[in-house]
Each structure stands twice: as structure tokens, then as C-alpha cells.
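User: I am new to this structure and would like to know what stands behind the terms used for it. Please take me through them.

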Amino acid sequence: MQKKTVRGGIVGAGFSARFHYEGLRRVYSANVDVKGVYALDRDQAGQYAQERGIDAYDSLEALIDDVDVVHCCVLVKGHEDIALAALERDKHVIVEKPLTGYLGDDTEEFHGDTFPKEDALRHGLASVERMLEAERKSKGRIFYAENWVYAPAIQKEREILEKTGAQILWMHGEEAHSGSHNPTYAYWKYSGGGVMIGKGCHPLTAALYLKRVEGRARDGKPILPKAVTARTHAITRLDNFRDEGHIRRDYYDIDDFAMMHVVFDDNTIASLFTSDIILGGVHNWLEIATNNHRTICNINPNDAMKVYNAEESNFADIYTVEKTGTKQGWTLMPPDEDWFTGYPQEINAFYHAAAYDEPVESDSRLGADTISTIYSAYVSAERNGAEVPVKAY
Ligand SMILES: NC(=O)c1ccc[n+]([C@@H]2O[C@H](COP(=O)([O-])OP(=O)(O)OC[C@H]3O[C@@H](n4cnc5c(N)ncnc54)[C@H](O)[C@@H]3O)[C@@H](O)[C@H]2O)c1
């Protein structure tokens, strides 16, 4: 069969736009025609375009008109507007995580530590619902770019659940490292929250996804989250934090540690940790305890490849592993970090879905449940861990 051609356009020219482009180069389900890039930072967009031999567009609308799939690779603040602009023109939109968020009330006084978290929940869900409504009216669809869903370890677990009819009893997992590289990440008003949304969304979405898979496989309907208990902390903002220079510490009004305990509608559970206070490279894993098997998904690090390096400087121009502090000594070095992380697989899946009008594993409802669970978790954290109900989509 002749492969269909799908035209793509990228909005944003920063960190995530780079790995989206690398993912596009590895799409095999369709022929990809990357038309160009649009970003608020014109210089950055120009350089991004030049390096890749694509066009830099002057307007979002012009880019959307030229493509079938829009990649939304901008900060959370722009997600809803860009998704709506694409959907109104009947185009598909790949929305980077988190799906959307609450960025405060635009006042000078707004501070992430003190504003009532019910506001975040109410406004966050209103934004989600506007996006879902726009999708309902459109011929385009929202593809939710949660790479953990497409990480090979999580997809292998999907197969095990589907073929054995297992019941997941408890999941626990984590995404953590020593601090985001992005300066805007320090502020709730740009990120829609702290580490609980920025990194916590990854293991949370994977856990929500696997319970959906379980319910779908056994009973034909997804198992959804119904309540959450959470704590958040700002460890690097403690007066007594002893800074030795290895952990980022310039956060303005966000959490750098969070834990969420999710109860699903079948009363099984997931406990998820996330933080910006972990040394030794990125720490991304999910353990699944079921009634017939137990799986440990080591997304990163994993022991596919172990390298001993005698001299730091020998590896100066060799990428080893995300957020590692040193390249000397033993390193658990994934031979293809993007692949283990699920980046190329998610882009391929979205282009496949666009070309052949098929459903995606990571859709708008999964993104919506993630937002709903996280902002309910912020309400719980504000109440020192009292249980808060979760509205599921
Ligand atoms: N899946 C992952 O592992 C992962 C990793 C990093 C970032 N992200 C997500 O990617 C998104 C972007 O983060 P980033 O690190 O790439 O940011 P970045 O700061 O590196 O780049 C943002 C880019 O978007 C442009 N931009 C901002 N607002 C815009 C708007 N309204 N319209 C057009 N262009 C706009 C900027 O000019 C810049 O080019 C965030 O949602 C973040 O959570 C995901």
C-alpha cells in the first residue's frame, strides 16, 4: 500500500520542538512533509528553520493553513489558544504535556504558594472543557504528547495486561532529577504549577493510562481516577537547605517535591512521586503490582548499556544520560535515550492516526484526567493531604 503523506508544522522552537523534529525524522507509518515552524521568538524560529532546511512562518494561522498536524511545543500558557486555533481550522494538534493549566490571575500579587488552589482546579478544568468542546466540533483531533504512554516498557506492559486480563492492584513510580533547565519553570504563572504538574504528569498519565487499558481489556470500559491525596513541598526554598551547588534552587513560588496517591473507581491505587531534588541523572520508573504479574518499567536509567569511563574529559562531546552530574566512572547509558523515553514512537503514532484516521492511545481525555487529578491534588496538598474527589473525563 502506498504510504499517505501528512504535512506537519511546529509551533515553538525550543527544547521540545527539537525532540519533536527528531521524532518526525523517524516516522515510518506515513510520509512526512515538515512545512515549517512558527514561534514568538522570531530569531529562535529563524535559526531552528535554517538548521533544518524548513520555512519560518510569520504567523500561526499561515502555518496552520499549510499543514495537517500542528505540533504545540510552547509553554503551557499557549496550549489552549494554539489547540483551539488548529481545531477551528479542522487540523489535528499534538499538544505537549501538560494539556493545559492555570497560570494565575495576571496580577502582581499572584503567588503560587498562597492563592486558593480551588481557583487552579476550577480554571484548569474550564480550559480542559473548552479544548474538549473545540475537539468535538472539529474534524481535527487532540493528540496528547505524553511520551511515557509510548515508552516501550509501558507499551509492553499494555500487551501483558491485555493478554492476561490482569488486575492492577497498586502502581508506584517517579519522575525526578536535579532541576529543569528552563528559567520560566521557576514561576507558577508560566508553568501552571510546580514539579507536581511539570514532571508528576509523566508517571501519573502512565498510571492513568494502564488502568484504562486494564478496564478496556477486561470489561470494555476504562477504569478512571476517583480521588487523590497529595503533599507538596519546597525543599530547596527551606531556610535550612544546605546548597552544595548540585541542585537547582532558584524557584520563585513552586513546589520541588510532590507525592500523589490516586484512588481509582475500582478502589485500587497508585502512589506517584516527583521531585527536582534527585542527583545521579533522571529517575523515571513505574512499578506495577497486579494479581498475576509484577512489572518494573525502568524508563531511565535502565541497564541496557553500562559504561565505565576512566577520565571525565574523554567523554566531553559524548551525550550520556539526561541530567547526569558526571560522566566519569560507571554510567547507565541508554544507547538510544529517545527510544526508551517514547519520543519517536509517540510522533509516529500520531502521524499514523492522522494518515489512517485511527484512534490514539494518548488522547485528549487522558490529558484531561491528568489535569483534573493534578489540580485536585493541589487542593489536597493545600489541605495537608485530605482526600479530594477527581472529576474524570
Ligand atoms: N515531554 C517531555 O519530556 C517534555 C520536555 C520538555 C518540555 N516539554 C513541554 O514542552 C512545552 C514547551 O517547553 P520547552 O521546554 O520546549 O520550552 P522552550 O522555552 O524551550 O521553548 C518554547 C518555545 O515556544 C515559543 N512560544 C512561547 N509561547 C508561544 C506562543 N504563544 N506562540 C508561539 N510560540 C510560542 C518560544 O518562542 C520558544 O520558541 C511545555 O509544555 C513543556 O511542558 C515536554
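User: Which helix gives the largest share of the shell around the ligand?
Analyst: In this predicted model, helix α1 (residues 15-24) does, with three residues. The shell holds 20 residues, and G12, G14, S16, D41 and G78 are the closest.

User: How is the chain divided into domains?
Analyst: Domain 1 covers 5-146 + 346-360, and domain 2 covers 147-342 + 369-389. Their contact takes 29 residues from each domain. On the side of domain 1 that touches domain 2, α5 (117-137) gives the most, seven residues.

User: How do you know that the span of α5 agrees with its number of residues?
Analyst: At 1.5 Å a residue, its 21 residues should span 30 Å; the end C-alpha atoms are 31 Å apart, so the two agree.

User: Why are residues such as L121 and M131 in α5 called buried?
Analyst: Buried requires 20 or more other C-beta atoms within 10 Å of the residue's own. In α5, L121 and M131 are among the residues that are buried, whereas E133, R136 and K137, on the other side, are exposed.

User: Why are the buried residues of α5 said to line one face?
Analyst: Seen down the helix axis, they fall within an arc of 165°, so they line one face of α5. These buried residues pack against α4 (79-88), β6 (142-145) and α13 (364-382).

Key:
Residues numbered from 1 in each chain as written. Predicted model: local features only at pLDDT ≥ 70, side-chain atom pairs only at ≥ 80, totals over all residues. Near = placed C-beta within 6 Å. Helix = DSSP H or I, 4+ residues; strand = E, 2+ residues; numbered from the N terminus. Domains from an automatic or database assignment. Contact = placed C-beta atoms within 7 Å. Expected span 1.5 Å × (residues − 1). Buried ≥ 20, exposed ≤ 12 C-beta atoms within 10 Å, placed from the backbone. Arc of directions from axis to C-beta.
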